[in-house]
Amino acid sequence: MSTVAELLIESLAEYGVTSVFGVVGDALNPVTDAIRREDRIEWVGVRHEEVGAFAAGAQAQLTGRLAVCMGTVGPGAVHLLNGLYDAKKSHAPVLAICGQVPREEMGTEFFQEVDNDRLFADVAVFNRTVTTIDQLPMLIEQAANAAIQDSGVAVLTLPGDVGGLELPDGTAVPRFIDTRPRSTPAPDVVQQAASLLNEADKVTLLVGQGARDARAEVLELAERLAAPMVLTLKAKEGLERDNDHEIGQSGLLGNPATTEAFEGCDVLFLVGTDFPYRDFLPSGKTVIQLDVRGSHIGRRTPVDLALVGDAALGLQALVPLLEQKTDGSHLEDTRESYAKWRERQAQFTDPDYDQKPKGLLRRKVDNPDARVRPELLAATLDRHAAQDAVFTTDTGMATVWLSRFVQMSGRRQLLGSFNLGSMANAMPQALGASVLDRRRQVVAFCGDGGLSMLMGDLITAVAYNLPVKLVVFDNGQLGMVKLEMEQVGLPEYGTALANPDFARVAESVGMRGIRVEHPGDVDAAVKDAMAYDGPVLLDVLTNPNEVALPPSPTLEQGWGFAIAKMKESVDSAE
Ligand SMILES: Cc1ncc(C[n+]2csc(CCOP(=O)(O)OP(=O)(O)O)c2C)c(N)n1
């Protein structure tokens with residue numbers, strides 16, 4: 001005979017779940033007790049449930065399989081919400097097991113009672129409260145299968161008196177299904193796409209993570225079309241390496257070559273991408289879009305021809321119909337412009353950059369207090385991190401530096417809150433990645449604002465011996481917001497952070513802490529941190545004035561900066 005909680009945990013273990021993140025308590029006590037007795041599952045007790053949800057979402061994205069977190073009655077469940085939204089928007093299959101007050105108290109405004117079915121209605125693809133054992137085993141199976149098949153969040157709520165209920169002998173253990181159908185775009189539409197592409201002089205590709213299983217096909221497509229390839233940040237992981245067509249990212253963190261590629265083409269071909277920044281997409285072009293989700297077609301820019309289907313299957317049908325383009329000028333021009341931009345960026349990765357002669361008079365600057373440029377830090381991390389490392393990055397300027405200076409080798413993996421855009425994701429995601437495989441290097445690019453938001457879970461890295469490398473880009477401010485304010489001509493306000501010495505904070509919870517203040521010390525410190533066998537926090541004081549210009553800053557943005565800077569200097573003079 002087994003209980004509801006035991007059946008749930010047994011089904012998860014049978015499927016292959018190896019860890020569950022959460023905070024213990026009341027209604028979920030039978031569930032944690034079942035985990036305690038299940039050797040195949042590790043319990044990871046976090047200090048804030050949001051961390052558990054981010055960690056589970058990270059695991060789901062790294063493996064493509066179901067991951068699990070828990071939050072108990074009321075506030076415990078509420079705390080999961082932001083991490084679950086991130087999983088939803090990243091299409092990560094996550095099961096959240098939540099507690100509820102006992103059945104006889106439900107609907108009475110009982111202590112801690114929150115209506116989970118309403119709370120999670122927007123975030124979940126499946127969201128049910130177990131009210132009778134007659135719903136089992138089916139409800140468990142439905143929850144997990146919905147998360148896996150719809151690539152989203154399932155919430156299963158257990159009232160306080162339900163987890164320990166005994167089930168009839170012989171109750172089947174629920175089984176979950178990983179395989180998903182693949183669809184091919186209609187042949188006549190593929191033929192039309194081939195005609196449009198064959199007639200075009202210059203084609204530009206914008207490729208997203210939807211093409212992650214279509215690397216060979218995308219490269220062949222680009223070759224046939226002699227096309228430059230703009231990669232979304234999420235596509236960087238699989239497509240950046242050994243790719244003579246890629247020209248980096250567009251959007252706020254992008255580079256001018258992508259604008260040239262967009263503006264200079266006749267046909268823009270979007271492959272497996274829901275890239276949301278429509279201001280960066282060109283107008284007046286013929287647009288073809290290939291996406292497995294028909295509902296995503298045309299929601300960012302008007303589309304002339306829609307191919308609905310799997311990227312690999314769609315391109316396997318399309319590429320043989322394409323003629324080899326012989327004029328490579330569009331590709332060459334944009335690649336050259338990309339190379340020049342990279343050269344300009346690379347100069348900031350020189351530790352002596354701020355001491356070198358500059359300007360018309362070639363004056364040598366004597367600046368012993370020069371702060372570390374974030375470009376230098378990111379490039380050094382790229383150099384010393386393992387070729388199979390997992391990188392996570394906080395929302396903020398850290399993402400810009402990672403996008404520009406970290407090369408994805410093919411075995412490296414990359415996680416961020418790229419669709420929800422939440423702060424504080426990098427450290428929790430790193431914990432999730434590290435729990436999956438403690439021998440694999442995990443490097444988190446943390447903002448100082450981001451890290452301090454969920455800083456209590458530094459303790460989790462120590463308590464569970466998770467050898468994460470947490471790197472804080474410590475610019476003493478909410479840098480991205482400062483940039484936003486300046487772009488629209490507002491003086492910065494509310495963006496300064498009174499930070500502690502994060503390395504000492506880390507040391508105080510039992511983690512190794514390293515603080516770096518000078519550019520000349522970055523290399524040795526990064527090397528040391530990467531080689532360290534255990535959790536380590538590297539707190540690097542970075543230059544707060546480092547500005548990452550978007551690829552085509554508008555005239556208004558230019559004026560915005562000038563006006564903001566004037567206002568700031570007037571204010572500080574007052
Ligand atoms: C939870 C959350 N709160 C607020 C924001 C708005 N926001 C976006 S970036 C940012 C600043 C991030 O600062 P920090 O982590 O220090 O990184 P920096 O940009 O300085 O590198 C803020 C406040 C957000 N995205 N998420």
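Me: Which way do strand 1 and strand 3 run, and how many bridges join them?
Reply: In this predicted model, strand 1 (residues 19–22) and strand 3 run parallel, and three bridges join them.

Me: Is strand 3 buried or exposed?
Reply: Five of the five residues of strand 3 (residues 67–71) are buried, so the strand is largely enclosed by the rest of the structure.

Me: Which of its residues point which way?
Reply: Ala67, Cys69 and Gly71 point one way from strand 3, while Val68 and Met70 point the other way, and all of them are buried.

Me: Switching to helix 3, what span should it have, and how far apart are its ends?
Reply: Helix 3 (residues 49–63) has 15 residues, and at 1.5 Å a residue these should span 21 Å; the C-alpha atoms at its ends are 21 Å apart, which agrees.

Me: How many of its residues are buried, and what follows the helix?
Reply: Helix 3 is mostly covered, with 13 of its 15 residues buried. The residue that follows helix 3 is glycine 64, whose phi is positive, near 75°.

Me: Where is proline 428, and what does it touch?
Reply: Proline 428 has its place in helix 15 (residues 426–436). Leaving out residues up to four places away in sequence, proline 428 touches Val51, Phe54, Ala55 and Leu454.

Me: Why does proline 428 count as buried?
Reply: Its relative accessibility is 1%, and buried means under 20%, so proline 428 falls within that class. As for another proline, the C-alpha atoms of proline 428 and proline 93 are separated by 17 Å, although these two residues are 335 residues apart along the chain.

Me: New topic: how many aromatic pairs are there?
Reply: The structure holds six aromatic pairs. One of them is formed by phenylalanine 275 and tyrosine 277, which are edge-to-face at 5.4 Å centre to centre, with 75° between the planes.

Me: Are phenylalanine 275 and tyrosine 277 buried or partly exposed?
Reply: Phenylalanine 275 is buried, with a relative accessible area of 11%, whereas tyrosine 277 is partly exposed, with a relative accessible area of 43%.

Me: Why is the pair of phenylalanine 391 and phenylalanine 445 edge-to-face?
Reply: The ring centres of phenylalanine 391 and phenylalanine 445 are 6.1 Å apart and their planes lie at 70°, so the pair is edge-to-face. The pair links distant parts of the chain, with phenylalanine 391 in strand 12 (residues 390–393) and phenylalanine 445 in strand 14 (residues 442–447), 54 residues apart. Both phenylalanine 391 and phenylalanine 445 are buried, and together with Phe473 they form one aromatic cluster.

Me: Last one, which rings do the charged ends of arginine 65 and arginine 128 sit over?
Reply: The charged end of arginine 65 sits over the ring of tyrosine 15, 4.0 Å from its centre, and the charged end of arginine 128 sits over the ring of phenylalanine 126, 5.4 Å from its centre.

Conventions: Residues numbered from 1 in each chain as written. Predicted model: local features only at pLDDT ≥ 70, side-chain atom pairs only at ≥ 80, totals over all residues. Heavy atoms only, no water. Buried < 20%, exposed > 50% of the residue type's maximum accessible area, 1.4 Å probe, protein only. Helix = DSSP H or I, 4+ residues; strand = E, 2+ residues; numbered from the N terminus. Pairing = 2+ DSSP bridges. Phe/Tyr/Trp six-rings, centres within 6.5 Å; stacked < 30°, edge-to-face > 60°. Lys NZ or Arg CZ within 6 Å of the ring centre and 35° of its normal. Expected span 1.5 Å × (residues − 1). Contact = heavy atoms within 4.5 Å.
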